[in-house]
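Trainee: Could you go through this structure with me? I would like to learn what the labels rest on.
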Amino acid sequence: MAAAPRSVVILGSTGSIGTQALALIARNRARFTVTALAAGGGNLPLLIEQAKSFGVAIVGVAKGDRKVLQDALPGVEIIISENAAEEIAAIPADVTLNAMSGSIGLKPTLAALKIGNNVALANKESLVAGGPLVVAAAKHGQLIAVDSEHSALAQAMRSGAQSEISRVILTASGGPFRAREDLSNVSVDEALNHPTWNMGPVVTINSATLVNKGLEIIEAHFLFDIPYSIIDAVIHPQSIVHSMVEFNDGSVIAQASPPDMTLPISLALNWPDRLAGAITPLQWGASHTWEFAPVDTLRFPAIDLARRCGVVGGGAPAAFNAANEEAVAAFITKKISFTDIVEIVDDVLSQIGGEVSAHLRDVHDVSAVEENARAVARDLVARRGRR
Ligand code: MG
């Protein structure tokens, strides 16, 4: 007998992960139903199309024209509010996919955990900004990795006990500038063009600076309760091996598949079971070369910086992420250069690192740390603009 369909709520439905999740669900309608969708509101035509296609009961947007939504979606409950994603996250479902971008995803993650839903977490910033809060709110097994590296780790960890893990190795494509000598003159268009992965704009820039890998080290720490001292990153330009776990007998278990987020999304939505036919696997009739190389931490200081923030703990990772979000926005609007991004993040942490290391009690503490970091980052951006 086929299992009953799983009810899914998607936060960030019109973004890169959200649209890929819905495309997967469209091919597996007997397995999944979509109960509710939340989106920023920047693409109402797509949201309307999604809500119609999946017969969704509730739609939430941060901003948008109520009449447009009501006319297009008769009988559908419409929420228009700054807190729409949080309200949609509190709807009971088998699994809530948080595919939002940025640390605004933290409160919705906490809301979905609180109501008891499993959370398929594509919003790594929830863990970076509010890791201690998310971990405290999550019951064992309630948080499921969507990030390809962390999905790979979760799969590899099925090979041994937690106490047998001696190292986890996150792979990084190295982004488009792995082999480029001079990074000071990188243009916005060049940074938005990733060689192997098709992703949203912020994570694409973060991949180019390797900030993304730094965020993922922090994400891995909280997701799997692994100490920072045994989390490494290695450059793997082909993006086929998505991460590895080394066990204490010297065995390394790697997860390999084409660079397609459909696979980790399918596993997260169907967790702990695999979804048959999710993607076309690697083709072994062709030759493959898989390269691995150490990260050049001088040219890409973001990884060490992120790890240091993780070790400091408290609000330091939240400050790292918030400063980076500000710096990336300034780079995209051409106020600063590519190499300024991580320099600004580093400078922000030098200025306020001591202030933000305190224990995070609640989301207000996270917000205070973030506002502080953003203000300092904006000030540094303005000073660079005047150079
Ligand atoms: Mg990733």
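Mentor: Let us start with a definition: rings of Phe, Tyr and Trp (its six-membered ring) pair if their centres lie within 6.5 Å, and planes under 30 degrees apart count as stacked, over 60 as edge-to-face and the rest as tilted. A search of the whole structure finds three aromatic pairs. One caution: this is a predicted model, where local features need pLDDT of at least 70, side-chain atom pairs count only at pLDDT 80 or more, and totals for chains, interfaces and linings use all residues. Residues are numbered from 1 along each chain as its sequence is written, and side-chain values use heavy atoms, with hydrogens and water left out.

Trainee: Why is the pair of F177 and F338 called edge-to-face?

Mentor: The ring centres of F177 and F338 are 5.2 Å apart and the planes stand at 80°, so the pair is edge-to-face. The cut-offs are those I gave for centres and planes.

Trainee: What makes this pair a link between distant parts of the chain?

Mentor: F177 sits in the loop between β8 (165–172) and α8 (188–191), while F338 belongs to helix α14 (residues 338–352), 161 residues apart. Helices (H or I, at least four residues) and strands (E, at least two) are DSSP runs, numbered from the N terminus.

Trainee: How do you know that E149 and K213 form a salt bridge?

Mentor: A salt bridge needs a side-chain nitrogen of Lys or Arg within 4 Å of a carboxyl oxygen of Asp or Glu. For E149 and K213 the N to O distance is 2.7 Å, so by that definition they meet in a salt bridge. E149 is in helix α7 (residues 148–156) and K213 in helix α10 (residues 211–224), 64 residues apart. By this rule the count comes to 18 salt bridges.

Trainee: Which domains is the chain divided into?

Mentor: They are domain 1 (6–145) and domain 2 (313–387), with bounds from an automatic or database domain assignment. Their C-alpha centres lie 27 Å apart.

Trainee: How do you know that domain 1 and domain 2 are in contact?

Mentor: Contact means heavy atoms within 4.5 Å, and eleven residues of domain 1 are in contact with eleven residues of domain 2. The count of salt bridges between domain 1 and domain 2 is zero.
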